[in-house]
Amino acid sequence: MFSYYFLLGVRSLRRNPALTALMVLTLAIGVAASVATLTILHVMSGDPIPHKSERLFVPLIDNGTPIPDKAAVAEIGDDKMSYIDAANLLKGGHGERRSALYGFSAPIEPARKDLPAMAAQGIAPTRDFFAMLDVPFRYGQAWSEADDKAGADVVVLSRALSEKLFGSVNPVGRRLRLMGFDYQVAGVLQSWRPVPKFYRLSGGSGAFGQEDEFMIPFSSAIRHETAPKGMKCLTDREPGFQGQLGSECTWIYFMFETRSGAGRAELQDYLDNYAADQRQLGRLERHAKNELFDVMQWLEFQKVVGNDNRLATWLAFGFLLLCLVNTIGLLLAKFSVRASEVGIRRALGASRREIFQQFLTETAVVGLVGGGLGLSLAFGALGLIAMQSEQLSVVAHMDWQMLGAAFALSLLAALLAGILPTWRACQVTPAIQLKSQ
Amino acid sequence: MLNMTNLSKVYRTHMIETHALRGFGIQVNQGEFVTVTGPSGSGKTSFLNIAGLLEEFTSGEFVLDGVNVKGMDDNARSRLRNEKLGFIFQGFNLIPDLSLFDNVDVPLRYRGFNAAERRERIEDALAQVGLASRMKHYPAELSGGQQQRVAIARALAGSPKLLLADEPTGNLDTQMARDVMELLEEINAQGTTILMVTHDLELAVRAQRNVHIIDGQVADLARKAPTLFDAHVV
C-alpha cells in the first residue's frame with residue numbers, strides 16, 4: 001500500500017498548488033537554515049582523527065609563578081609549554097611516539113627565476129609527528145631520526161607549495177632556500193588539512209586556519225634560532241634566543257601517542273613524577289595539576305566550537321520550529337477540504353489506520369520535496385558563507401553524513417508537522433461527510 | 001444476509017438524548033431488492049449508516065452475512081465493509097482528482113488484490129455500466145447519470161454481497177433515474193442483494209419489498225412493495 005499512498009502523495013502536490021508551494025517553501029527555508037548551521041557545527045565539532053583520537057594526548061604543565069589572586073590563576077591556563085619542558089619530555093622517551101612543535105613564518109627564495117620570494121607558514125615538529133598523525137605522503141617520506149638528532153636542514157612540503165615551487169615534478173632531493181639556509185626536500189605531502197587543526201590549537205583561533213605549507217625538524221628550527229609565531233612570558237628572561245630557550249616562556253605544542261587508551265594513566269604518572277622532579281629543582285612553583293587531554297578533550301578545552309556557534313544552531317532550530325508550526329497550519333487547511341475524500345475512503349473500506357498512513361505519507365512527500373529544496377538552499381547558503389573567509393570555507397561544506405541527516409531532518413520535520421492534521425483527518429465521521437455531499 | 005434485532009441508536013449531547021432507532025428489527029435475505037422509505041427524520045439514514053458499518057449502534061443485535069458485528073473494532077469493521085458491502089450515494093461521492101479507473105480502484109486497493117486482478121475487475125465493472133471507453137476520464141467530464149454509473153461500478157468491482165444505495169437517483173433527472181434503476185435491477189437479477197433508501201415511491205414500488213420507517217421503527221413489513229396509491233396515502 002505504501003507505493004499507492006506515495007503515488008497519491010505525489011498527486012496531491014498538484015492539488016491546490018499554491019498551498020503546496022507555501023508548505024514546501026516554509027519547510028525548505030526552515031530545513032535550509034538548520035542544516036546550514038548544523039553542518040558548520042558538525043564540521044567544527046568533528047573528530048579530526050577518529051581512529052586514534054583516544055590515543056593522542058596533549059600534556060599541559062603549568063609553569064606559571066604563584067599568584068594569590070585566584071581569578072588571575074584561573075585566567076592563566078596556558079596551553080603551550082616552555083622549551084625546557086618540551087626538551088625534557090622529548091628526552092624522556094615516554095609514550096609510543098611524541099613530538100614537540102611550533103609554528104612560524106619564514107621567507108622562501110624559489111630557485112625558479114620567474115617566482116618572487118615569498119613568505120610561507122611552517123611548523124617545526126619532530127619526525128614522530130608524521131606517523132602520529134598519519135600524515136599522507138605524495139613523494140618521499142619523513143626525515144630520519146638522525147636528521148632530528150643532527151638538526152639537519154631537511155624539509156617536507158605541502159602539495160600546494162611543492163607545485164608552486166617545482167611544478168608537478170617530484171622535488172625530493174632538490175634544494176630550497178628557506179630562511180636564508182639551503183634545505184633539502186625530503187618529502188611532499190598529499191593534500192592534508194585536518195579539521196579542526198588539532199595539533200596546533202591556541203585559544204580556539206587557528207582551528208580552521210590555513211594549511212601549514214612546510215615542515216622542518218624541530219631541532220633544525222632551534223639550531224637556526226627561528227622565532228615562534230606566538231609566545232607567552234609571565235616572568236623575566238635573559239635576552240636573545242638562548243634566553244628564550246632557558247626561560248619559562250611558553251610557545252611549544254606537545255603531543256604524545258600511546259599504544260592504547262590505557263596508556264593514559266602511565267603517561268599521567270610520568271608527567272606527575274616529572275613535575276615533582278622539576279619542583280625539586282625550584283621550578284613549577286604553582287603546584288598546579290598536570291593536565292592530559294585526548295584529542296576531543298583538547299578541542300573542548302580550546303573551545304573550538306564557541307558558544308556563538310551553538311547559539312546560532314539553537315536559533316536555527318527555533319526557526320525550524322516556527323516553520324513547522326506554520327506548516328501544521330497549512331496542512332490543517334489542506335486536509336480540512338479533504339474531509340469528503342476521507343469519508344468516501346472510509347466507506348469503501350479504509351480503516352482509520354489506513355487513512356492515517358495515507359495522509360502521513362502525503363506529508364512525507366511534502367517533506368521530501370521541501371527537504372530537496374531545503375538542501376539546495378542550504379548548499380547555496382553554505383556557498384555564500386564559504387565566500388566570507390578562508391576559515392569559513394573550511395567548515396562550510398556538506399559531507400554525505402550531513403546530507404543524509406538533512407534528508408532525515410526534513411522528513412522528520414514534515415512527519416511531525418503532519419501528525420496533528422493527519423490525526424484530525426482520521427476523526428472525520430464518514431456518515432456525515434457522505435450525506436453532506 | 002442482514003439481520004437486525006431490537007436495535008437502538010441514541011445520539012447524546014450534554015442536554016438531550018435523541019432516539020434515532022428504537023426496537024428496530026429487519027431481516028433482508030440473500031438476493032432480495034428491498035427499498036426503505038419514510039419521512040425525513042424517521043431514522044432511514046441512521047439505519048443505512050448502521051447497516052453500512054459507518055456508525056455504531058447503541059444496543060441490540062446486528063448480524064451481517066453471518067457475522068455478528070457487535071463490539072467489532074474499527075479495523076475489523078472496515079475490512080468487513082470492504083469485503084461485504086458496496087455503497088451508492090445520492091451525491092455520487094466520486095473523488096474528483098482521480099480518473100474513473102482510479103476511483104473504481106479505491107476499494108480494491110484496500111482489499112489487497114494484485115494489480116492484474118484489480119485491472120480486470122475495474123474493466124469489467126466499468127464495462128457493466130457502459131463506461132469502459134472512458135476509464136481515463138475524470139468525474140467532472142461526465143454527466144450526473146454517468147457519474148452515478150461510475151459509483152455503481154465502484155460498488156460492484158469488489159463483488160459485494162450487499163449493495164446499499166442511499167437515494168441513488170435523487171440528483172438525477174427522470175430518464176437518468178430510470179436508467180440507473182434499470183441497472184440496479186439488472187445487478188439484483190444477477191444475485192446481488194440491494195437495500196435502497198428512497199423518497200421516490202415510483203421507484204420504491206419496483207422493488208420486491210418495501211420497508212417503511214417511522215419514528216425509528218419499522219412501520220410496515222410487507223411482502224410486496226407499496227402501490228402508487230399507498231404512496232399518496234403515505
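Author: Start with chain A. Among its contacts with a separation of 6 or more, 80% are between residues 24 or more positions apart. Two residues are in contact if their C-beta atoms, placed from the backbone, lie within 7 Å. This is a predicted model: local features need pLDDT of at least 70, side-chain atom pairs pLDDT 80 or more, while totals for chains, interfaces and linings use all residues. Residues are numbered from 1 along each chain as its sequence is written, with chains lettered from A and ligands numbered from 1 in the order in which they are written.

Reader: How many helices and strands does chain A have?
Author: 17 helices and 10 strands. Both are DSSP runs numbered from the N terminus: helices are H or I, at least four residues, and strands are E, at least two.

Reader: Switching topic. Which residues of α4(B) are buried?
Author: R121(B), I122(B), A125(B) and L126(B). Buried takes 20 or more other C-beta atoms within 10 Å of a residue's own, exposed 12 or fewer, and partly exposed is in between; C-beta atoms are placed from the backbone.

Reader: Why are they on the same side of α4(B)?
Author: Because they cover an arc of only 125 degrees around the axis. The arc is that of the directions from the helix axis to the C-beta atoms.

Reader: What do the buried ones pack against?
Author: α3 and α5 (144-157) of chain B. On the other side of α4(B), A116(B), E117(B) and E120(B) are exposed.

Reader: And what comes just after α4(B)?
Author: G130(B), with a positive phi of about 75 degrees.
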